[in-house]
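Subject: Structure handover

Hello,

Here is the structure I promised to pass on. Please open it and keep it in view while you read my notes below.

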Amino acid sequence: MNDLLYMQRALELAALGKGSVSPNPMVGCVIVYNDQIIGEGWHKKYGGPHAEVNAIQDVKNKDLLSESTAYVTLEPCSHFGKTPPCADLLISHRIKKVVICNTDPFPQVNGKGIQKLKDAGIEVITGVLEKKGLELNKRFFTSIEQNRPYVILKWAESADGFVANPDGSPFPISGQISQMHSHKWRTEEDAIMVGSNTVFKDNPSLTARKWTGKNPVRVIIEGHSSIPDNSHIFDLSVKTFVFTFKVRPDKENLTFIKIEDGTNLIDFVLTELHKLNIRSLIVEGGPRLHQLFFENGNYDEERVFKSKALMLKHGIQAAVLPKHLVLKNQYDLREDILNIFSA
Ligand code: AOF
Ligand code: ZN
């Protein structure tokens with residue numbers, strides 16, 4: 001029973017790394033002696049110390065470690081990366097027991113951390129609150145296991161299913177709150193993507209200016225069209241990748257990637273983004289780009305703002321999002337709205 005409570009706490013700590021640790025996973029660690037927490041830590045920043053290092057540092061009396069249990073949300077690493085192996089650190093402090101939520105599919109770890117601990121005579125338990133951990137690090141796990149970013153399709157639609165005005169320009173489905181909401185989501189992903197039509201019609205900045213946190217990398221699918229030089233996406237303020245058939249010279253923060261002829265566009269783009277270590281992507285349309293994802297199938301989540309407005313009632317024959325059969329993993333907005341108001 002207490003295993004669940006301590007792991008829950010470790011998962012809460014891990015989540016504090018959201019938006020700061022990618023391409024690493026979020027990891028939390030709690031050290032428990034005699035049914036009391038004596039140390040807590042989490043991976044705070046990419047390149048920084050791992051959760052176990054911070055948790056052990058937090059323990060005042062290190063002598064207690066040999067009688068303590070470490071609750072870690074991810075299998076302790078076994079490799080020399082930016083930091084030395086966490087499994088070795090736990091072993092050197094003669095920790096008694098290690099309870100793990102998820103094993104680490106990262107090729108350099110992948111069971112080797114657990115084996116190291118066991119070889120040193122440490123009792124190891126795995127799979128505690130496993131599902132919660134898989135959800136928390138869905139971006140990392142999808143990326144490592146499928147060699148592509150975790151993909152979220154996001155759009156707003158009227159009650160009768162329209163997503164834009166007849167000329168493709170946006171209509172105000174969403175208000176202030178949903179805009180803040182979208183910007184919060186932007187801070188949580190590595191990259192944001194739109195197609196050239198959206199650039200023509202909206203001239204978006206694709207930044208997260210209505211929320212605190214980092215801007216995602218911008219990804220634009222230009223294809224055969226020519227996006228005007230004075231578009232916001234070319235302002236060099238945020239790292240931007242443009243997938244195009246018309247490559248121009250790169251500038252600082254602006255890279256053009258030639259789309260290979262004869263490849264599936266979505267597969268090609270996702271593979272290139274994976275090579276750039278981008279673990280997650282939010283696709284903000286428009287409908288043509290979403291359609292390509294629906295057809296391709298390589299996406300994980302849909303987030304839809306639904307308005308009560310009936311566009312047809314106003315005599316507007318607007319662009320309608322192409323219908324698709326399977327709604328994947330529909331995001332529960334209600335929960336997020338509650339979070340916003342308590343933030
Ligand atoms: C842990 N504890 O807190 C994290 C782990 O480049 P590095 O050295 O930071 O290593 C990154 C890899 O280490 C990452 O891909 C994942 O497999 C693991 N992350 N492991 O024991 C942690 N963040
Ligand atoms: Zn580690």
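**The hairpin and its neighbours**

The hairpin of strand 1 and strand 2 has two residues between its strands, and Asn34 there takes a positive phi near 50 degrees. Bear in mind that this is a predicted model.

Start with that turn. Asn34 sits in the loop between strand 1 and strand 2. Asn34 is not a glycine, yet its phi is positive, at about 50 degrees. Most residues other than glycine have a negative phi. Is Asn34 buried or exposed? Asn34 has 9 other C-beta atoms within 10 Å, and a residue with 12 or fewer counts as exposed, so Asn34 is exposed.

Now look at the strands themselves. Strand 1 covers residues 28-33. Strand 2 covers residues 36-42. These two pair in the antiparallel sense over six bridges. In this pairing, Val32 stands opposite Ile37 of strand 2. Strand 1 also pairs with strand 3, residues 69-74. That pairing is antiparallel too, over four bridges. Here Val30 stands opposite Tyr71 of strand 3.

Why is strand 1 largely enclosed by the rest of the structure? Five of its six residues are buried, so the strand is largely enclosed.

Find Arg94 in the loop between helix 3 (86-92) and strand 4 (97-102). Arg94 has 15 C-beta neighbours inside 10 Å and counts as partly exposed.

Most peptide bonds are trans. Two to check here are cis. One joins Ser22 and Pro23, with omega about 10 degrees. Pro23 lies in the loop between helix 1 (2-15) and strand 1. Another joins Gly285 and Gly286, with omega about 0 degrees. Gly286 is in the loop between strand 12 (280-283) and helix 10 (287-296).

**Domains and ligand**

The protein chain is divided into domain 1 (3-140) and domain 2 (147-342). Where they meet, seven residues of domain 1 are in contact with nine residues of domain 2. The domain 1 side of this contact has two nonpolar, two polar and three charged residues.

Finally, ligand 1. Which residues come nearest to it? There are 17 residues around ligand 1, and Val27, His43, His50, Gly81 and Phe106 come nearest. By class, the shell around ligand 1 has nine nonpolar, five polar and three charged residues.

Best wishes

Definitions and conventions
Residues are numbered from 1 along each chain as its sequence is written. Chains are lettered from A and ligands numbered from 1 in the order in which they are written. This is a predicted model: local features need pLDDT of at least 70, side-chain atom pairs count only at pLDDT 80 or more; totals for chains, interfaces and linings use all residues. Domain bounds come from an automatic or database domain assignment. Two residues are in contact if their C-beta atoms, placed from the backbone, lie within 7 Å. Ala, Val, Leu, Ile, Met, Phe, Trp, Tyr, Cys and Pro count as nonpolar, Asp, Glu, Lys and Arg as charged, and the others, Gly among them, as polar. A residue is near a molecule or strand if its C-beta atom, placed from the backbone, lies within 6 Å of it. A residue is buried if 20 or more other C-beta atoms lie within 10 Å of its own, exposed if 12 or fewer, and partly exposed in between; C-beta atoms are placed from the backbone. Two strands pair if DSSP finds at least two bridges between them.
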